[in-house]
Amino acid sequence: MTGSTPPFPPPGSRPEVERLKGYSAPLEGRRGLLRLDFNENTLGPSPKVVAAIRTFPEELIAVYPEYDGLREAFITNLEASKEGLLHPLTSEQVGVFNGVDAAIHAVIHAYGAPGDTLLTTSPTFGYYAPCAAMQGMALEAIPHGMPGFVVPLDALRAALERKPRILMLCNPNNPTGARLAADQVLALAASAPDTLVVVDELYEAFTGDSVLPSVDFQTQANVLVLRSLAKTAGLAGLRLGFSIGHPGVVDRVGRVTGPYDVNSLAVAAAFAALEDQAYTNNYVSEVLRARDWIVLEMTRSRVVFHCDGGNYLLVWPERPADEVEQALRSRGILVRSMTGKPQLHGSLRVSIGTPEQMQRFWRAYSSICV
Ligand SMILES: Cc1ncc(COP(=O)(O)O)c(C=O)c1O
């Protein structure tokens, strides 16, 4: 008998994956525009990073990446920071990842079993929930207190008594900027030895609330800190993130991470970025100047907005947020509409760049909305 084989469907995946929707961020068509939509560095990395990429040895392209000295360079960079480190770190306490996204994925993969709870706050960074869902974890997201998006500290304390497997704390929180002081984070962790407390410190450079200067991972073995070179250092396109914690936690998370997940160009760029902290510090100071300026302008204009930690703010235009997002895009400026998100509906998240960039944003925004 002839005839074509009847088509058959692709094999199904794990039930947890069948229920997931692909994580999609609107990341196309952004070149040449003022990028105030992803909290990135809006100027680019240090010239030393660019030089490291330009002079990257050709013979290394065919060789698997080597990470010798990278963890040590990261520790040296932390030690040299204004706050320093009260308790010295060793290289076994540092994990290296293809961006903090990959670190979040790996931590939740290593620690979250089906039915376990991942505790976090709401609204917060959007990648925690799908990572929990793909493990079959239950998500408990406690809303920030209103008005002012206050971190729900009492509710978190009460929830920790139920011993969730993981607490994901974004500090300062994206996109509300809500902040906890380092001693508040460490007190929460101390009250919950059965919970892995992951402190996502992607934006701490803008406010300085890091636990790293004071944490002693020997006694607080359940704390894991995440840091990235994506935002402040401007390496978002190369992907480089770190986890810092007890060697036993770093080791376990490393077990679910591929041996060569971070590529050689990212490594070369990371060394250069870590050696040029002055460039990053300068950029952060520019952003803080711009933040003061835009906050003053928005206050004067009686615009409804919220700005706390981090290099971003929320603004509620009087017109629909999606419409304003489009109008700004047509003027070459990208921002992120929060339409449909709990507690944020009607707002735009605007990343803060340099003072000149914020002046440009404000001229455009005012012509559309004010
Ligand atoms: C809070 C938070 N964590 C993690 C990430 C991801 O960082 P990376 O670019 O290092 O993967 C982001 C990026 O937007 C973020 O806002």
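What follows is a conversation about the overall fold, the domains, a sheet and the ligand.

Student: How many helices and strands does the protein chain have, and why can it be called as compact as a globular protein of its length?

Tutor: This is a predicted model, and its protein chain has twelve helices and 13 strands. The globule rule gives 21 Å for 370 residues, and the chain is as compact as a globular protein of that length because its radius of gyration is close to that value, at 21 Å.

Student: Into which domains is the chain divided, and what distance separates their centres?

Tutor: Domain 1 is made up of two stretches, 29-45 and 278-369, whereas domain 2 covers 47-275. Taken over C-alpha atoms, the distance separating the centres of domain 1 and domain 2 is 25 Å.

Student: Which element supplies the largest share of the side of domain 1 that touches domain 2?

Tutor: In the contact between the domains, 24 residues of domain 1 meet 27 residues of domain 2. On the side of domain 1 that touches domain 2, helix 10 (277-300) and strand 10 (312-316) each supply at least two residues. The residues of that side divide into eleven nonpolar, nine polar and four charged. The largest share, five residues, comes from helix 10.

Student: In the open sheet of seven strands, which strands stand at the edges?

Tutor: The strands of this open sheet follow the order 2-8-7-6-5-3-4, with mixed pairing, and the twist from one strand to the next averages 20 degrees. Two of the strands have a single partner strand each, so one side of each is left without a neighbour in the sheet. These edge strands are strand 2 (94-97) and strand 4 (138-143).

Student: Which residue in strand 6 is the bridge partner of Met-168?

Tutor: Strand 5 (residues 166-170) and strand 6 (residues 196-200) run parallel and are joined by five bridges. Within strand 6, the bridge partner of Met-168 is Val-198.

Student: At what angle does helix 3 run to strand 2?

Tutor: Helix 3 (residues 70-79) lies across two strands, namely strand 2 and strand 8 (241-245). Relative to strand 2, the helix runs at about 115 degrees.

Student: How many residues surround the ligand, and which are the closest?

Tutor: The shell around the ligand divides into six nonpolar, five polar and two charged residues. In total 13 residues surround the ligand, and the closest are Gly-99, Val-100, Asp-101, Ser-228 and Ala-230.

Technical notes:
Residues numbered from 1 in each chain as written. Predicted model: local features only at pLDDT ≥ 70, side-chain atom pairs only at ≥ 80, totals over all residues. Domains from an automatic or database assignment. Contact = placed C-beta atoms within 7 Å. Helix = DSSP H or I, 4+ residues; strand = E, 2+ residues; numbered from the N terminus. Nonpolar A, V, L, I, M, F, W, Y, C, P; charged D, E, K, R; others polar. Pairing = 2+ DSSP bridges. Axes fitted to C-alpha atoms, helices over the stretch in contact; angles between N-to-C directions. Near = placed C-beta within 6 Å. Rg over C-alpha atoms; globule rule 2.2 N^0.38 Å.
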